[in-house]
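This report describes how selected parts of one protein chain pack together. Please look at the sequence and the model below before reading on.

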Amino acid sequence: MLFSTLAPILLAVTALAQTPPNFRPNVTSTLQVKFGSKSITPGLALTKAETAKIPTIGTSDEALNGTYIFFMIDLDVPGSLVGGAAGSRITNVHCLLTGFTSTNMATNSLYTLTTKDTSPKAYVGPAPPVENPPYAHKYVEILYPQPVGFKVPSTQTSAISRGIGFNLTAFVSEAKLGSPVRANWFTVTG
């Protein structure tokens, strides 16, 4: 009885999440992500080839005001690749770009977010290793408001350069970014 009462609530909460299960912070507003003509829905399986070039990002419900920071992070790098325990998973930041602003007019129902910035970390497409059994890596795309005068904290520059083991929570705290506004995610299997 209790399960039948809670099940619709649990399904509704899961349906609202735009970030992978157990990922924090949880974001409920959709960041539209398109690789070529393919629009991403949360958890969609893609190939390395489909994700080789930086996606187009935007919103479909409203134009965003202000300036934004875009992250794309692989949540599932095998820890053993960098000396960690077999079976452990670590992160790798694939993109961290600043200066995104929204168009005021939607094109094909998308208010596109664009930037001229190519740093602090230019886009690197997914390239998960072949694993046995095959393992689908989760790639989360997340958008934060960019504070006026934003600069990468000096304590985070090597973490961004290295990429492997990137700690989003620490970065957000040290950079004083606040809460994310949009997110999405997809998977790629090596």
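Predicted model: local features only at pLDDT ≥ 70, side-chain atom pairs only at ≥ 80, totals over all residues.

In α3, the residues L168, F171, V172 and A175 are buried. Buried means under 20% relative accessible area, exposed means over 50%, and partly exposed lies in between, with a 1.4 Å probe and protein chains only.

Residues are numbered from 1 along each chain as its sequence is written, and side-chain values use heavy atoms, with hydrogens and water left out.

Helices (H or I, at least four residues) and strands (E, at least two) are DSSP runs, numbered from the N terminus. The cover over the buried residues of α3 includes β5, β6, β9 and α2; contact here means heavy atoms within 4.5 Å. At the start of α3, a side-chain oxygen of N167 comes to within 3.0 Å of the backbone nitrogen of T169. Just after α3, K176 has a positive phi of about 55°.

## The nonpolar cores

A nonpolar core is a set of buried Ala, Val, Leu, Ile, Met, Phe, Trp, Tyr and Cys residues joined through side-chain atoms within 4.5 Å. The largest one has 22 residues, and F71, I73, I142, F166, L168, F171 and L177 touch the most other members. At least two residues of this core come from each of β5 (68-78), β6 (89-102), β9 (136-145), α2 (157-162), α3 (168-175) and β10 (182-189). Another core, of 19 residues, lies apart from it, with L31, L64, L97 and F186 among its members. In soluble globular proteins, nonpolar side chains tend to be buried together.

Not counting residues up to four places away in sequence, L168 touches F23, P25, F71, I73, I142 and Y144.

I160 lies in helix α2. With neighbours within four places in sequence left aside, I160 is in contact with V93, L96, P120, K121, V152, F166 and F171. I160 and L96 are 64 residues apart in sequence, but their C-alpha atoms are 8.1 Å apart in space.

| Residue | Relative accessibility |
|---|---|
| I160 | 3% |
| F166 | 3% |
| F171 | 0% |

## Aromatic rings

How many aromatic pairs does the structure hold? There are seven. Rings of Phe, Tyr and Trp (its six-membered ring) pair if their centres lie within 6.5 Å; planes under 30 degrees apart count as stacked, over 60 as edge-to-face and the rest as tilted. F166 and F171 form a tilted pair, 5.7 Å centre to centre with 50° between the planes. Ring pairs join F71, Y144, F166 and F171 into a cluster.

## Strand β6 and S102

S102 is placed in strand β6 and counts as buried, at 14% relative accessibility. A polar atom of the S102 side chain lies 3.4 Å from the backbone nitrogen of L64. Leaving out residues up to four places away in sequence, S102 touches A63, L64, Y111, T112 and L113.

Definitions and conventions:
Polar contact = N/O pair within 3.5 Å; in protein donor to acceptor, adjacent residues only side chain to side chain.
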